[in-house]
Amino acid sequence: MAVLATALLLLLFSASLSVSAAPILAPNLTLCHTPLSLPDEEEVFSCCAPDFGQPAVDFNMTEAAMAAATGKIRVRRAAHNMSDADAARLARAYAAMRALPVGDPRSYDQQANIHCAYCSACYQMGGISTPLQVHGSWLFFAFHRWYIYFHERILAKLIDDDTFYLPFWNYDHPDGMTVPYSYVQSSELRDDNREPACLPPATVFTDFYYYNATLRTEFEQIQANLATIYRQFVAAPDTPYRFYGQPYRAGDGPQPGYGTAETQPHNSLHGWTGNQKNLLAKDMGALYAAARDPIFYIHHVNIDRLWEVWRGLGRDDIDDPDYLDSEFVFYDENAQLVKVTVRDSYDTLKLGYAYEWVENQWLDLNLSTLSNGSLANMSMEGVSVCALGEPILETCSLLVSRNLSSANGGQETLVFEGIEGNVTNPSMFSVYMNLPEAHIHTMPDCVEYVGRFSAMAQPVQAEVQGTSAMKTSARFGIGQNIKDLKMEGEEDVVITVVPNMNNPLLPVSISSVWIEYELLPSQLRRNGGASGTSNYVRASR
Ligand code: C2O
């Protein structure tokens with residue numbers, strides 16, 4: 001028996017060795033098919049890009065950079081700061097886009113379809129038959145940057161104005177925390193499938209958790225928004241993988257793991273903006289329908305801007321060639337099919353655009369401290385202990401060892417492995433440190449708040465996997481929490497999980513929780529690229 005087991009292990013081991021990692025290559029448009037498994041109530045439709053049989057040309061970075069250096073740089077401004085003239089120009093550009101014939105890859109519907117095709121397993125990874133999904137992995141930022149890049153250039157070309165820009169929905173600044181008025185007033189920028197309760201003057205809900213916004217005062221919601229952005233862009237992503245999401249290579253299954261910003265504010269604002277009465281809160285709430293709402297694009301312009309702000313913090317970036325050499329295809333402003341790489345997405349000035357400076361108040365935020373310090377002072381009486389592997393139906397806590405003796409100078413990371421649920425609905429839970437009394441409405445502007453797991457509904461995933469079971473993991477950078485709570489010397493921390501099951505959310509189970517220390521790319525390079533660097537200990541129950 002033992003021999004058999006060893007042989008099996010060896011077999012597994014050599015099998016995994018023989019799969020050499022490779023970047024995800026651009027999909028072949030001719031291999032596109034209708035979305036796999038839409039919700040039952042949805043009529044099947046195709047969102048494949050028109051295929052004229054033309055080969056994609058490589059994006060010419062030198063040419064783009066030359067044009068950017070000699071021409072005008074587009075300065076993307078905050079939507080709430082746009083002049084009336086800029087708002088009118090934006091509406092005009094969208095009117096021109098909506099007027100294009102539907103077979104034109106630059107038309108409004110085809111632009112929306114791009115998102116559907118890249119998120120609904122319509123495409124296969126180039127050269128292999130694995131379905132492609134651009135969400136829930138390290139592809140998230142770069143894919144959307146390119147998407148917006150071409151979308152903006154098409155709009156500019158249609159009105160023949162090379163100073164045209166797409167504004168950003170500045171929902172991380174108190175002045176920008178409503179749906180921009182131009183996106184409500186102009187019929188070109190409106191969408192009838194928005195949640196009525198979210199229209200101005202409602203304050204955006206960047207940590208939307210399917211509860212009525214009126215539970216918080218406007219002041220509290222603004223605080224919650226600033227704290228959410230701070231947590232997701234500054235405190236939690238202390239390694240580039242926390243920020244971008246988990247590695248996703250040729251042949252990998254979809255959605256290996258979300259980056260901090262993709263879950264919040266990204267996913268949460270999708271869920272907040274879509275009409276809750278609609279199936280999966282579409283348009284914005286369902287990935288296959290989201291880009292039918294023009295606000296989708298300015299949501300992503302802000303995500304793109306926040307990516308630049310994060311890069312400005314001077315943190316380590318991913319240097320894995322499988323990431324940098326990942327490819328996508330898009331139709332450009334001349335309806336030419338163009339192949340682009342993640343690598344070429346990095347320099348926005350070379351791509352001809354920049355962002356208007358706005359104050360990022362969340363960069364430097366005062367958080368409150370709700371707990372009373374170390375574990376010794378904490379009453380654990382009446383605290384319910386999480387049952388690992390079982391659906392989490394109520395707030396529960398775990399004592400997790402920090403395994404200080406094996407800390408390797410890496411970033412302290414809280415890992416939730418084996419998160420299981422159902423992909424047909426969204427799911428969500430919040431995580432706190434040393435705050436067992438945390439509850440569903442605890443504000444995120446405290447030092448104990450670790451973050452939130454939030455997955456959008458993915459009916460498509462079910463078909464790809466052959467099951468509607470969701471199986472994923474989540475990782476949270478907790479170095480800042482430890483520091484703020486002055487826990488550096490403590491052996492254990494209390495981790496509290498607050499499940500959210502308000503309709504339409506479904507509960508999840510978690511199979512294990514532990515802390516590991518993850519080396520940064522620069523530390524790995526210094527160590528000569530050693531692999532298997534993380535140390536971890538299982539949660540003590
Ligand atoms: Cu591709 Cu906002 O999602």
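Predicted model: local features only at pLDDT ≥ 70, side-chain atom pairs only at ≥ 80, totals over all residues.

Start with the sulfur bridges. The count comes to 3 disulfides. Take C32 and C48 to begin with. A disulfide joins them, with 2.1 Å from S to S. A disulfide needs two cysteine sulfur atoms within 2.5 Å, so this pair qualifies. The torsion about the S-S bond of C32 and C48 is about -90°, so this disulfide is left-handed. C32 and C48 both lie in the loop between α1 (2-18) and β1 (57-58), so the bond ties together parts that are 16 residues apart in sequence. Are these two cysteines, C32 and C48, buried or exposed? Both C32 and C48 are buried.

Now look at C47 and C116. They form a disulfide too, and their sulfur atoms are 2.1 Å apart. The torsion about the S-S bond is -60°, and the link of C47 and C116 is left-handed. This bond connects distant parts of the chain. C47 is in the loop between α1 and β1, while C116 is in helix α4 (residues 108-119), 69 residues apart. C47 has 1% relative accessibility, so it counts as buried. C116 has a relative accessible area of 0% and is buried.

C386 sits in the loop between β5 (353-355) and β6 (396-401), and C396 sits in strand β6, 10 residues apart. C386 is buried at a relative accessible area of 3%. C396 is buried at 4%.

Which pattern do the disulfides follow? Count the bonded cysteines along the chain, and the pattern reads 1-3, 2-4, 5-6. C122 stays out of it, being in no disulfide. The nearest cysteine sulfur, that of C47, is 3.6 Å away. C122 has 0% relative accessibility, so it counts as buried. C446 is buried, with a relative accessible area of 0%.

Next come the rings. A pair of aromatic rings is described by the distance of the centres and the angle of the planes. The whole structure holds 45 aromatic pairs. One of them is F143 with F328. Their centres are 5.4 Å apart and their planes are at 70°, so the pair is edge-to-face. F143 lies in helix α5 (residues 140-158) and F328 in strand β3 (residues 327-331), so the pair ties together parts that are 185 residues apart in sequence. Both F143 and F328 are buried.

F243 and Y244 make another edge-to-face pair. Their centres are 5.2 Å apart, with 85° between the planes. F243 counts as buried at 0% relative accessibility, and Y244 is buried with a relative accessible area of 0%.

Ring pairs also build a cluster. Its members include F59, Y118, W146, F296 and F330, along with F143 and F328.

Finally, look for charges over rings. The charged end of R76 sits over the ring of Y353, 3.6 Å from its centre. The charged end of R98 sits over the ring of Y108, 4.1 Å from its centre.

Note on methods: Residues numbered from 1 in each chain as written. Heavy atoms only, no water. Helix = DSSP H or I, 4+ residues; strand = E, 2+ residues; numbered from the N terminus. Buried < 20%, exposed > 50% of the residue type's maximum accessible area, 1.4 Å probe, protein only. Phe/Tyr/Trp six-rings, centres within 6.5 Å; stacked < 30°, edge-to-face > 60°. Lys NZ or Arg CZ within 6 Å of the ring centre and 35° of its normal.
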